[in-house]
Amino acid sequence: MSISFLLLIIAVIGVAGYLFGSWRANALAGGKLSSLHSRPGYYGSFVAIWSILPALVVILVWIIASPIYISSTVRGGFPEEVKATSQAEQNLAYNMIGAISRGLNTLSAQEREAMFQDSATARTVLAAKGVPLAADPAPYMLTSADDLNRMTQASSTFLSILVIIAALAGAFLSYRAIAPKFRARNRVEGVMLVSLIAASSIAILTTVGIVASMATEAIHFFNMVPAWEFFFGTTWDPRFAAAGATASAGQFGLIPLLAGTLYIGFVAMLVAVPVGLFAAIYMSEYASRTVRSIAKPLLEVLAGIPTIVYGFFALITVGPFLRDISAQLNGLVTGNYASFIQAQSVLTAGIVMGIMLIPYVSSLSDDIITAVPRALRDGSLGLGATRSETIKRVIMPAALPGVVGALLMTASRAIGETMIVVLAAGVAARMQLNPFEPMTTVTVKIVNQLTGDLEFTSPQTLVAFALGITLFAITLCLNIYALYIVRKYREQYE
Amino acid sequence: MSQVSTSPSMAAVGASAKPERRDIGLRGRYAAERRFRFYGMAAIAFGLLFLFLLLFSVVSKGYTAFQQTMITIPVEFSQQIIDKNNERATNPQKLVTANYPVVARNALAKVLGVSEDDRAGLKAVNGMISDSVRVQLRNLVTADPSIIGTTQKVTFLAHGDLDSAFKGQIDLSVPETNRKVSDKQVGWMNQLAESGALSKHFNTGLFTNGASSRPEAAGVGVALIGSLYMMLIVLVLSLPIGVAASIYLEEFAPKNRFTDLIEVNINNLAAVPSIVYGLLGLAVFINFAGFPRSAALVGGLVLTLMTLPTIIIATRAALKAVPPSIRAAALGLGASKMQTVFHHVLPLAMPGILTGTIIGLAHALGETAPLLLIGMVAFVADVPATPMDPATALPVQIYMWANEAERAFVERTSGAIIVLLIFLILMNVGAILLRRRFERRW
Amino acid sequence: MNMMSEAAVEKALDRQMNDISYKMIGKDVSVYYGEKRALYDVNLNVRENTVTALIGPSGCGKSTFLRTLNRMNDTIDGCRVTGRITLDSDDIYDPNIDVVELRARVGMVFQKPNPFPKSIYENVAYGPRIHGLAKAKADMDAIVEQSLQKAGLWNEVKDRLHEGGTGLSGGQQQRLCIARAVAVSPEVILMDEPCSALDPIATAKVEELIHELRTNFTIVIVTHSMQQAARVSQRTAMFHLGNLVEENDTDKMFTNPDDQRTQDYIMGRFG
C-alpha cells in the first residue's frame, strides 16, 4: 500500500472517529448538553486526534527507520571483498543496486530469468526499460537488488498493518474514555497547544538545520583542504571536479572572493546610503502628504522587484551602457575609442545592487527617523532653527545609532545578494582595486560550484558549503549586532 | 529683511530690556535649507528615475515577445517525402522519423518561386522556418495520416532570426555577412508579408511551451506550472505553520529565555541570505532525505522555510494590533484561552495575516538563488505531472534565458520578466485591496 | 535683581495707567485642524514685560492659541490660522515674515522637558550657534553662562557642563530648556504648561524663575493650575471651548471675575 493510500485510510478512520465520538457524547448527554463537560464536538475531536496522531507517528518513524535498516542489511550481505573497499565505493555500489531494483520491478518474469542467467546483459536490458546504469553490474548486485525489493515489499505490508492497527486502537480506546465528566476540551486544547509549540520550534529547527548541515559538509571539506588554506588562501582555482582527483588539484582561497564581495558591497552602499538616507529624510520631514503617499510606495516597488530582474537589467542595460560611455569618454580624451569599463564589472554590479538597496535604506531609516520624539523636533524649531538645521543638528545625531543599525542590516543584504552579482559581476576571482574590472563574490562561487554535476565527495562541491557557512556567519553577526543596536535605540524613546 | 524697516516701533518700546534686531544670517541659512531640500528631492528623483529606467528597459525590450511572426501557407504533405515506399501501415516509426522540415521548406519555396534545383536558395528558404515545424507537422500527420498526399493550409513559426528581422530588431544597414538574415531573405519576408502569408500573431506559445534551444519555440509554460506547484506548497505549509507559531509566541508563550531565543531567531532568519536556504535544501532535502533534484517539492519546501519568518512577523504584528479588550471580553464570558484566540482574535487579525502571506508569497515567487542550488536550472521541455517531477520556475527560466547568447532570447527574457512582474503586481495589488477593504482602526 | 524687578513692575503698572504697551496683538484669531475648528475669533493682547497666563479646561484651545504666537502650528499638517497676530507692528502671518526669525524673537518652552541628547553646554549653545549670535568661543561661553544663570541652573551644573543634558532631574531639565530659550535672547517666551511634568519643589523653582524673567522678557504661560496662574501672572485669560471667555488682571480674575463661566471654573465647578 502506498503512503498516500495509507494516509487516506487514516483520514477516513479519523473522520469516522469524530462522528462516533460526537454521537456518543450526544447520546450520553441525552438531550441535556449542560451535563457534559465540553461540547460534543470536542469529544469527537478527541477521538479523531487519537485515531490520527499515533498512526502518523508510526508512519514517520517507519519512513525514517526502515530505509536505514534495509540499507544496513543489504550492505551486510555484500561479499567480503566489497566490504573491504572504501565507504565511497560502497555507496556507489549501493546506489547502483537501488537503480537495479527499480529496474527489476519493470521486468517480466522471463526477462528477469534471462537477466539473472547472464548478468552481463543487465545493463542493456535495463537501459531499454529506461533505467540507465553507470557500469556493468557485478553478479552479487542482482541478488542484493532482489533482496532489497523483497525487503521493501515486506516493510510496506508490515507498515500498512501496523498503521491501521494503531489508528483503530487509538480510536477505540479514546471512544471508550468518553464520559460526561471527561474533560475533552482541555485534552484537545492541550494537543493544540503542543502543535502550536511544535510550529514555533520550526524556526529553531531551521537554524539548527542550516548550521548543522553546512557545518557537516564544511567539515568534510576541511578534511580534504586545510582550513587555513581556505580562509587565508589568496588564489581561487578549484579546477574541475574530476572523479578521483586529489584535493591538491585545486586551490580554494577565500580571500579574493571575500575581497570581491566587500568591494561590490561597498560600491552598492556608496550608491544606496546617500540616496536612501536623503530620500528618507525628505519623506519624513519635508514631503507633503500627497507626495509622500505617491513617492513612498513607488520607491518601495524597487524592493519588490525580484533580484533576477535587477541582474538582467545590469547585464543588458547598465553594463553595456557603462562600457559604451567609457569608450566615448576615452575617445574624447585620448582619441582611442576603447572602453575602460568592462560590461561585467564591480561598478556595474555595485550600482545596480545599490539601486536595489535604496528602498531598504530609506524605509528602515524612515522608521528610525520618525521614532525620534516630536518634542525634540519642536524644541529645535521653537528656538528658530530651520528644518535642515533641526535635521542635521538634532534629529540625525539622535537617530544615529538606529541609522547605523539600519545600514548594517542593509550591508548584510548586500553581502548575501546573489542574482545581481551572478549576472553582472563576472566569474574571475581576482584581487585588484580597479572598479571597472570584473571581480567575483562568495555567492557567485557558491552558485558556480553547485550548478551542474554534484559529487558530495569532491572538494569542488563541498567548498560551496564552506563558503556558505562563512557567508552565514558574517551576515548573522552583522544582523545580530544591528538588531541589538536598533532594539536599544527603540527602548530609549519608548 | 523687510522687518528692518519696522524697527522704529522698537525704539518706542525702549531698548533697555530687549536685544537689538539682529542679523541671524537668514540668507545663508535659507540657501543651506534649499540645498538640503534639493538633495532630498534629488535622491527621490534618482530612485524613481531608475525604477522608470528599469521598467522601461524591460518593457521596451520585452513587449514584442508577446507577438510572434508566423507563416501561413498551403503545405503539400507529399507522399514522396513523408512515406516514399508507402510502408506506414507496417512501420509506424516511418511517420515519426519522416523529414518534415523538407515538406515545409518545399511549400515555402513554392510560394516564393524558388526552383527545386537552387540549393543555395532552398537553404535560405529553410533558414526562414523554425525547426519546431518538424514536431508540428509530425503531430498533424500522426493524428490524421489521411492528410498525406493532400495540401493543407498550415500556420507555423518563422525562424527566430526572421522573427527579429520582421520586428525590426535587426539593423539592416550592417553588411550582409555580419547579420543573421540575408538581403534575399528580407526581400522574401517583405514579399510574404505583403501577400498576407507572413504576419504577427499573439504569442500563445510563450505561455504554453517549455524550454527550447530555439528562441521562437521557447516558452514559460513549464516554468509557470513549476512556480504554481511551489507557490501551492509554500501556501499550504507556511500559512498554517506560520500562523500557529505566531499564535503561540504572541498569545501563549511565557516570557522566558526560550521564547526570547525563538524571537531573535526568527528576526535573524528573515535576514539570512536566500542562497543559504538553497544550501540547506541541497544538504538536507536532497543529499540527506534523498528527494529528487530539480523537483518542485524541494523548491517549495526551501521557499517555505524562507517565507516562514516573513509570515510569522506579519502575523504577530496583526495579532498585536487586536486590542486586549477583545480578549478580556471573551475570557470574561468564560471562553477558554484557546477559544478566545481562535474564535475572536484570529478572525480579527485575518486581513493582516493574509496581506503578510501574499507579500511573502510574492517574494517567494521572485526568488531565484536557492532554486539554482537545488538543481532547478534544468532544461525541462515537458510539463511536470506531479511536484516530484523535474520542473523549473519562472525566475530560474529568466536566469537561464538571460545567459543565452542569441538576440531573440533577450526579447524572450524580457517578456518572461513582464509576465513575472505582472504576477507580482497582481499579488501586491491584491494585498493592498485586502488591507484597504478589511483594515480596522482601533 | 529685586530692585529691578520692582522697578519694572512699577513701570508696567505705570504703563497700564497711561498708555499700555502691547507686545503682541491677536485679532479675530481662528484656528482650524482640517475640518475641525479649534479657536473662534479670539481677540487677546499680550502686554510687554508682563506674565500673561492662559487658563481653561482641557481642550479649550489655550495651547492652540499659544502655538499660534510663534507659528508652531505650522508644523502640524492641515492646520490653518485666520485673523491677524502682530508682534510689535509686524503681522507674523504676513508672507514676508520669516518664521525662523519670528521664532528667534518668540521663544518657546514645552510641556515636557525636551533637552536634546547633547551636553548641557551644547543644549544652551544650540540656539546662539544656529543663529550665529556668538563670534568667538569666549562669546559663546559667556552666553551659556549668562543663560544658565538667568535660569538659575548655573550653580548646579557649572562643573558638569559637558555631561549629557538628559542626565539631569526633571526640574533641572525644564530649567535647562528655559536657559536654552533664553540664550537666543528672544523678546517673548511662550511656556506651554512648563510645570505639569514636575514635582512641587521643582515647580516652585520654575515659578520663581518665571517671576524673575519678567524683567527682561514678555511671557505667555499656559497652565492647568489656577494657583500657579495666580502666583506667577499679572494678566489672566480664560478660554472655554475655543472661545476667549474673559481677559483681566489676575487679581480681579481670581477675586471678582466678570463672567459667570470664569467664576464656575475657578470655583472648580468644571474643569
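In the predicted model, the C-alpha centres of domain 1 and domain 2 of chain A are separated by 49 Å. The domain assignment places domain 1 of chain A at residues 3-182 and domain 2 of chain A at residues 247-492. Chain A also forms interfaces with chain B and chain C, which are described in turn.

At the interface of chain B and chain A, 76 residues of chain B are in contact with 80 residues of chain A. The size of an interface is often expressed as the accessible area lost when the parts come together. For chain B and chain A the buried area amounts to about 6,700 Å², and carbon and sulfur atoms give 78% of that area. One salt bridge is found across this interface of chain B and chain A; it is formed by the side chains of Arg29(B) and Glu389(A), with an N to O distance of 2.7 Å. On the side of chain B that touches chain A, H2(B) provides the largest share, with 21 residues. The residues on that side of chain B comprise 55 nonpolar, 15 polar and six charged.

Aromatic pairing was examined over the whole structure, and 26 aromatic pairs were found over all chains. One of these involves Phe278(A) and Phe36(B), whose ring centres lie 5.5 Å apart with the planes at 65°, so the pair is classed as edge-to-face. Phe278(A) belongs to helix H10 of chain A (residues 255-286), whereas Phe36(B) belongs to helix H2 of chain B (residues 26-62), and the pair therefore joins two chains.

At the interface of chain C and chain A, 25 residues of chain C are in contact with 20 residues of chain A. The area buried between chain C and chain A is about 1,700 Å², with 60% given by carbon and sulfur atoms. One salt bridge is found across the interface of chain C and chain A; Arg67(C) and Asp378(A) form this salt bridge, with their closest N and O atoms 3.6 Å apart. Polar contact between chain C and chain A is counted for four residue pairs, both residues at pLDDT 80 or more. Elements giving two or more residues to the side of chain C that touches chain A are helix H3 (99-105), strand S6 (106-109), helix H4 (120-131) and helix H7 (170-183) of chain C. The largest share of that side, four residues, is provided by H4(C). By class, the side of chain C that touches chain A has 14 nonpolar, five polar and six charged residues.

Note on methods
Residues numbered from 1 in each chain as written. Chains lettered and ligands numbered in written order. Predicted model: local features only at pLDDT ≥ 70, side-chain atom pairs only at ≥ 80, totals over all residues. Heavy atoms only, no water. Domains from an automatic or database assignment. Contact = heavy atoms within 4.5 Å. Buried area = accessible area lost by both parts, 1.4 Å probe. Salt bridge = Lys/Arg side-chain N within 4 Å of Asp/Glu carboxyl O. Polar contact = N/O pair within 3.5 Å; in protein donor to acceptor, adjacent residues only side chain to side chain. Nonpolar A, V, L, I, M, F, W, Y, C, P; charged D, E, K, R; others polar. Phe/Tyr/Trp six-rings, centres within 6.5 Å; stacked < 30°, edge-to-face > 60°.
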